[in-house]
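Before reading on, please open the model and keep the sequence beside it.

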Amino acid sequence: LANSPGSSQSKRGHINGSGPSTPHTAKFKAVQEQRKQLPIAKGREALIEEINKNNVTILLGETGSGKTTQVPQYILESGLARNGMIAVTQPRKVAATSLAQRVAVEQNVSLGDLVGYAVRFDEKSSAQTRIKYLTDGMIVRELMSDPLLSNYSVIIVDEAHERTLRTDLLIANLKKIQAKRNPKTDPKGKGNADTSNPLKIVIMSATLDAEKFSKFYHNAKILYVKGRQHPVKIYHSAESQLDYTDAAMRTFFQIHTDQPPGDVLIFLPGQEDIESLQKSIELYAKQLPSDKSEVLTCTMFAAQEHSQNNKAFSPTPPNTRKCILATNIAETSITIPGIKYVIDTGKCKEKQYLARISGGGFDTLLTRDITKSSAMQRAGRAGREGTGACFRLYTEDAFNTMAVSGEPEILRCSLTSSILNLKCLGQNLEELDLMDKPDLDSMADLKPVASALKTLWLLGAIDNHQKLTPSGRQMALFPLEPQYACAVVASKEYGCTSEVLDIVSVLSASSKLFIDISEQRDAVTEARRKFRHPSGDHLTVLNAVKAYRDIAASENKHSRREWCRKHFLNERTFLEARDIREQLVVTCGRIGIDVSVSAKENEDLVIRSMGHGLAGNSAFLQADGTYKQTMGQTIVKVHPGSSLCDKKVPAIIYDDLMYTNQIYARGVSSIPKSFFLSLDAFKQRKA
Ligand code: ADP
Ligand code: MG
């Protein structure tokens, strides 16, 4: 702490070169030099002038030009944000934390002081914080306690082109807020609100379609930062590749043997592919002749630990080629230096609401083809520091048939949690001024809005007139999926809050608890038997949590890790779940739920609490041995990874559905059929 300056005032001195108050290391000087070299640095004065002049500014600039890291610092250093904090929103958690970390280094402060972040289940900020990186989801939650976002004087909506559901909700709410906080200058302002704390909005994006944002904000000014893009040679594969990880590996070693030095960035859809390709590359790299340079692999994906992310940024050692395996997080949110070659599998994972199934839809993560706009962004990563090359593992024809850009999430994702949040703000999705409106014409169950309302009604969060209920308000306070929030609220009646918190915190962590290694299937099954509970996966999770807690109480760090490895359990998930649980305990305290109440041996109560949350995710056994949804017509099978996969029970609840060639239920538990008769929602439905 000795190194961190006490106020932003003393910081301003540093940057202007008027003499630092503490001696600076060579590293700090180098970082400042890097800052000055960024393309955006030249436009600093003009940018600040425009932001000062306008209520809303739209800033477009190539990835890596310095938007996310520099603009908030420029605003801080210029004194434009005197009355409040500067928020920078990010669609992804990793981007928010790693960029905050970087900006803290650039400001020479410890993270959480002047520069902080807030993401779900993790926050580093203090009374000193002036620049806060947060996920779009976090700031939408903040609306509930501070509807005018009065703690912020500048809100920077970053990566707006991604059009995530939360970013769209934020953009709509910011327009409303600005009309209240800046009434004189806003064309739609009513002129009756407090003007002492006006709000400035900056929308930043890496792609060129800014007109829509500008139109939405009363023709706001659009500014462009010129990037420093060198030519990138693009190679398409001659024929389509069936196995993209295998193709990526062959391409990587071709580059490694034939091409001049330079690091390689491989875009893959998700964590599993990344980890399996990393293993293969490391294995083959060991067999290379000794005259070849070394291969160093790094990974970057959403669920990864912070410390691992930083590895990708450290300089490549001499005589080594770095190979970074990443999801589309490296497309526009995070820029890694030193990349000369890009390998693009052409795939990404995207949340998609499947509505084609009769009786309601569900969200699922699908691996799908990227858009043209993504393909161009990915190729661009190779040309930041010099000429580069991009190897597309798909044909030119395939590129030509890709969609130009993606569809906004609001048109393709489940809206349950968002509608609940909006209800707390007294807003209806139907009435909100959105950039794109989801389909409201039909109230058929398949439509996302109707389906979300039905789910909220089933949870008891809204009543028959779609009005928020007191328990709905409680559910919204939890940073959880409404289903799990409902289970926690229900656990109070059943007296099993302690167990329900154990389960939902594991289910809300970013990685799965049980690790599946296909080559060691028998060993995995054997190890899992120890935790397996006859009633299904939820109590199996609970058993694992209890076992880990016992181990953690008596063993040291090393034996804990060893125990997890032996039982194919992800220790990171346990640790993350422990933090999540702590936060849920705080929320429980606020609404008078006693978290120490435990069901002890009466585990049936735990299942019933979960049943309240998952009532919409339930199915009854049919004569032919399949399960049919209670709330729809869909036939579901129990996922082979579930502890209930070879057992037939009269009724099940499940965490989610996964769509491959069949529809599989995952996270499945057996529940007495009679449970459903006790639910008001079911009684009303029958009536
Ligand atoms: P933009 O938002 O325009 O895409 P950024 O502000 O994210 O640009 O990036 C500016 C520069 O900061 C890039 O050159 C990037 O490599 C560098 N940078 C970002 N994070 C780190 C980090 N953790 N370590 C080192 N350099 C970083
Ligand atoms: Mg950025």
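Two strands are said to pair if DSSP finds at least two bridges between them. By that rule, in this predicted model, strand 13 and strand 16 (residues 388–392) pair in the parallel sense over four bridges, and within this pairing tyrosine 341 stands opposite alanine 389 of strand 16. Strand 13 also has a parallel partner in strand 10 (residues 263–267), to which five bridges join it; here aspartate 263 faces isoleucine 339 of strand 13. How many of the six residues of strand 13 are buried? Six of the six residues of strand 13, which spans residues 339–344, are buried, so the strand is largely enclosed by the rest of the structure.

Strand 1 (residues 56–61) is mostly covered, with six of its six residues buried. In a regular strand the side chains alternate between the two faces of the sheet. In strand 1, Val56, Ile58 and Leu60 point one way while Thr57, Leu59 and Gly61 point the other way, and all of these are buried. Five bridges join strand 1 to strand 7 (residues 200–205), the two running parallel, and isoleucine 58 stands opposite isoleucine 203 of strand 7 in this pairing. Strand 1 is likewise joined by five bridges to strand 8 (residues 221–225), again in parallel, where threonine 57 has lysine 221 as its bridge partner.

Strand 2 (residues 85–90) comes next. Six of its six residues are buried, so strand 2 is largely enclosed by the rest of the structure. From strand 2, Met85, Ala87 and Thr89 point one way and Ile86, Val88 and Gln90 the other way, and all are buried. Strand 2 pairs in the parallel sense with strand 6 (residues 152–157) over five bridges, and valine 88 has isoleucine 156 of strand 6 as its bridge partner. With strand 5 (residues 131–135), strand 2 also pairs in the parallel sense over five bridges, and in this case the bridge partner of alanine 87 is lysine 132 of strand 5.

The surroundings of the ligand can be read next. Of the 15 residues around ligand 1, those that come nearest are Lys67, Thr68, Thr69, Arg102 and Phe313. Two elements, helix 4 (67–78) and helix 5 (93–107), are the ones that give two or more residues to this shell, and helix 4 gives the most, with four residues.

Two helix pairs can be followed in the same way. Two packed helices are described by the angle between their axes and the distance between the axes. For helix 6 (residues 136–145) and helix 7 (residues 165–181), the axes come within 8 Å and cross at roughly 45 degrees. Angles of 65 to 115 degrees count as roughly perpendicular and those under 35 as roughly parallel, and helix 6 and helix 7 are therefore oblique to each other. Helix 6 passes helix 7 in a left-handed crossing. The axes of helix 17 (residues 470–477) and helix 18 (residues 482–494), in turn, come within 9 Å and cross at roughly 115 degrees, and these two helices are therefore roughly perpendicular to each other. The crossing of helix 17 past helix 18 is right-handed.

Is glutamate 350 buried or partly exposed? Glutamate 350 lies in strand 14 (residues 347–354). A residue is buried if 20 or more other C-beta atoms lie within 10 Å of its own, and glutamate 350, with 19 C-beta neighbours inside 10 Å, therefore counts as partly exposed. The C-alpha atoms of glutamate 350 and glycine 536, which are 186 residues apart along the chain, are separated by 29 Å.

Note on methods
Residues numbered from 1 in each chain as written. Chains lettered and ligands numbered in written order. Predicted model: local features only at pLDDT ≥ 70, side-chain atom pairs only at ≥ 80, totals over all residues. Buried ≥ 20, exposed ≤ 12 C-beta atoms within 10 Å, placed from the backbone. Near = placed C-beta within 6 Å. Axes fitted to C-alpha atoms, helices over the stretch in contact; angles between N-to-C directions. Parallel < 35°, antiparallel > 145°, perpendicular 65-115°, else oblique. Left-handed = near helix turned anticlockwise from the far one by under 90°.
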